[in-house]
Structure formats: C-alpha cells, structure tokens
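Here is a short tour for anyone who likes to look at a fold residue by residue. Have the viewer open as you read.

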Amino acid sequence: MAVEIRKVETEKDLKTFIDFHYDLYAGSPYDVPNLYIDEKNTFDKHKNAAFDFCTAEYYLAYKDGKVAGRVAAIINYRVNKHWNRQDVRFGWIDFIDDLEVSRALFDAVAAYGRENGMTAMVGPLGFSDMDPEGMLTWGFDKLGTMATIYNYDYYPRHMEQMGGWAKDNDYVEYFLPVPDKVPEKYAKIASLVEKRYNLHVKKLTRKDVFQGGWGRKLFEIINATYTNLYGFVSLTDRQIDQYVKMYMPMVDLNLVTVIVDGNKNDAVAGMGITIPSLSHALQKCRRGRLLPTGWWHVLRAIKFHKTEGVDLLLVGFLPEYRAKGANALLFSDLIPRYNEYGIKWGESQVEMESNEGVQGQWGALDPINHKRRRCYRKEL
C-alpha cells in the first residue's frame, strides 16, 4: 500500500505523534526517551517561546493502516535572517525501516518549505539550539542522553539511499572518565589563573538564581559564548525566561560552577551547568510519563545522586578567557564534587567536529570520542 501523509491537526494527532517514538524504540537499551509533558510543551505554539519567530507543521506517515513515521517541519526566521539562509528544518524525525516511508516524510517537509519560499531543507534540528540536533551516525551501541537524539543505524543509510543529501555539519561527543582526584595539570593551571588573572569560582544559591538574576545571566553567557556556532542565534528574553523556569528548579547547584573575573567587579567569565545523568531514570518512565513510578527514578537521580554519570549540559567561556585556562578552574571545582557523589563518568554534549578549542579542554580527562552525528542539507 502507498504511504499516506497526514498533518497533525488535533490533540489526539499530537499524542500519536509524540507516542510514536516510544513505540518505535520500546525495549531499546540505548534510547533515552524525553518526557511526554516536555515534548507536548515544546510543540505547543502557546507555550514554546520559539514560536515568536518560528512556524511549524507536524506530519505522520501511515502505511498499511499503521503509523510508520513522523517528522516536524520548522522554519526559524531569526536563524535564516542571521545566517542569510532560506532553510526549512526537519526535526523529530522517526520512521520504520522502509525507504518509501522516509522518502514520503521528507517530501512533506520539502513541500512545506517550498510553499513558504524556502530553498533548502536541513536537519535534524529543532526550534532552537536548546533542542536536540544531529542524526546519530556512529555510536549506536552507546547509551543516549537527555539532551541528544538517539536513532537506529538505518536512519543515515536511508539518507544515503535517497540521494541529494550532503553534510551540513558534523558533531562529536565524548565519554569522560572522572578521575579520583583533580589532575595535576588542572590543579597547577587553576592556581596560576587565580593568581595571574584574578579569576575565581562562584557557587550559586537558589536565591541567586531566582531572585538575584543569575538564572538569566547563565543563559546570557550562552548567548555570548555560542554566538558563532553552527545554526545558533541568540536566545530572546522570553526564551531565557522559559528555560530558567523549565530547567533551573531541577538543577543541583552544587554541580553548577561560575567563573568570575575579580578585575571586572566579578563579571562572568564562563560557566558550567552539569547535571546527574537521567538516562537510566528516563528509560524507566513508561512511555515518557512520570506517573505512576517514573517520578521516583528521576528524583533518585537528581536528589539522591543514584547515578554513576553526569551530563556536561552547557559549558562555555567568553572568548577572552578561553586561552587563559579558566576551564581548569572550573573542573578543579567540579571533580571533587563528582567524587563526593560517586560519579564515575561524564558525557559531553554535541560539539562541532571543527571546534578544536572545545575538544581540547577535555585533554586531562582522557576523553574517548564515542559518538558522531550529522546535520544534512538538501537543496529544494
């Protein structure tokens, strides 16, 4: 039977769209499903601040009367203007191992793009850089993370078989064994930069984050440090407010470190937001639901540190501090805290393969490049 593409138009359709991923990856030891409520809020045009400058449609593919795939078609007008592009993005792409299905899904995205004057299709990308991006192309036998996409190995094969797709950007991810003490290299550099540059560690309190404006400051630093990265455009005030409310209440501030410059009235030089790995906890949330028991597994990981991993969610330094060894000061503070919590390993998030500066900061941690992923591009 031919593949039928249906646009998501009702709440029931959206539920089917979200649930398809849970069905396709049921029993996978590597996929880390997002929470259903987070996915629903992301797709809600009234709750996601990115819809101030984005438009989107969601599509389901049916074959033999059954759901066989899904995809989101997104146009981010701020990114297009910033990078002088006319791109339609594809995101939340999932499909069974059937080339007819994947082709039909991409045809739907292409049609949406052409209808709106776009000249190229690119992805996987979300509404903004805060959404997961990049199709996994290597490392299919490695546990995923909350902030990244996991997909079966036949996905990139379909991209090759369909033809017309080219590499737009490649990412790498690293597995980082946590040493039982601060490496001597970090300790020496940390001491040096404190004395030479008057850089210091600042630990935040809940009051700092929610009343002192530090929650916003952290995301403003992201704007400043990520500005030249692939596909990035600065977060708006409304997006920042949304992410502070969404993420900061669940963050263990013991694992958040800010580096400040004493020569500039303690202006922020950089920061690291790291969180206990929720991968195994989220796998125990049946179909992405916190009820009836999923909440307990998430709480155990966040509150009671019942996990051996940590995700280095957002780590960034302003350009003028990157060559001064500020990252050594950051890890000199965090490594003893990881040891106290029983953390055995860390996971970097997606990094552009060409960003040698970021990759170089892991050197003293014996990093292992264990995943790669790609954003594809196709002219329309």
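## A polar pair in a loop

A polar contact here is a pair of N or O atoms within 3.5 Å; within protein, one must be able to donate a hydrogen and the other to accept it, and residues adjacent in sequence count only if both atoms are side-chain atoms. Please keep in mind that this is a predicted model. With that said, the side chains of Thr 145 and Thr 148 make such a polar contact, at 2.7 Å.

Where is Thr 145 found? Its place is the loop between strand E6 (135-138) and helix H5 (154-162). Not counting residues up to four places away in sequence, Thr 145 touches Val 32, Ser 279, Asp 311, Glu 347, Gln 349 and Lys 371.

How many residues make up the largest nonpolar core? There are 64, and the ones with the most contacts inside this core are Leu 218, Phe 219, Ile 222, Val 258, Met 271, Leu 282 and Leu 314. Helix H12 (residues 326-341) gives the largest share of this core, nine residues. A second, separate core has 34 residues, among them Ala 68, Met 121, Tyr 150 and Tyr 376.

Leaving aside neighbours within four places in sequence, Leu 282 is in contact with Val 32, Pro 33, Leu 35, Met 146 and Val 298.

## A buried arginine

Arg 377 lies in strand E14 (residues 368-379). Is Arg 377 buried or exposed? Arg 377 counts as buried, because its relative accessibility is 16% and the limit is 20%. The side chain of Arg 377 is joined to that of Asp 87 by a polar contact of 3.0 Å.

Beyond four places in sequence, the residues in contact with Arg 377 are Arg 85, Asp 87, Ala 120, Met 121, Val 122, Gly 164, Trp 165, Ala 166 and Asp 168. Met 121, in that list, also belongs to the second core.

## Cysteines without partners

If you were planning to assign disulfides, the count is zero.

Cys 375 is buried, at 0% relative accessibility. Cys 285 is buried too, with a relative accessible area of 2%.

## Cavities and a pocket

Searching the whole structure turns up three cavities of 30 Å³ or more. The largest cavity holds about 300 Å³ of space. Its lining has 24 residues, and those closest to its centre are His 21, Asn 34, Arg 70, Trp 92 and Ile 149. Helix H1 (11-24) and strand E4 (87-95) are the elements that give two or more residues to this lining, with E4 giving the largest share, four residues.

The second largest pocket holds about 270 Å³. Of its 13 lining residues, Glu 11, Leu 14, Phe 43, Lys 45 and Tyr 58 are the closest to the centre. H1, helix H2 (36-43) and strand E2 (54-63) each give two or more residues to this pocket, and the largest share, three residues, comes from E2.

## Helices and lysines

In helix H9 (residues 237-247), the buried residues are Gln 239, Ile 240, Gln 242, Tyr 243 and Val 244. Their cover includes helix H3 (77-83), helix H7 (206-210) and helix H8 (214-225).

Lys 284 sits in the loop between helix H10 (279-283) and helix H11 (294-303), and counts as partly exposed at 47% relative accessibility. Beyond four places in sequence, Lys 284 touches Gly 294 and His 297. Lys 12, in helix H1, is exposed, with a relative accessible area of 67%.

Technical notes:
Residues numbered from 1 in each chain as written. Predicted model: local features only at pLDDT ≥ 70, side-chain atom pairs only at ≥ 80, totals over all residues. Heavy atoms only, no water. Core = buried A, V, L, I, M, F, W, Y, C linked by side-chain atoms within 4.5 Å. Buried < 20%, exposed > 50% of the residue type's maximum accessible area, 1.4 Å probe, protein only. Contact = heavy atoms within 4.5 Å. Disulfide = S-S within 2.5 Å. 1 Å grid on protein atoms, 1.4 Å probe; cavity = no way out; pocket = protein on both sides within 12 Å on 5 of 7 lines; lining within 4 Å. Points joined across faces, edges and corners; volume = space filled by probe spheres on them.
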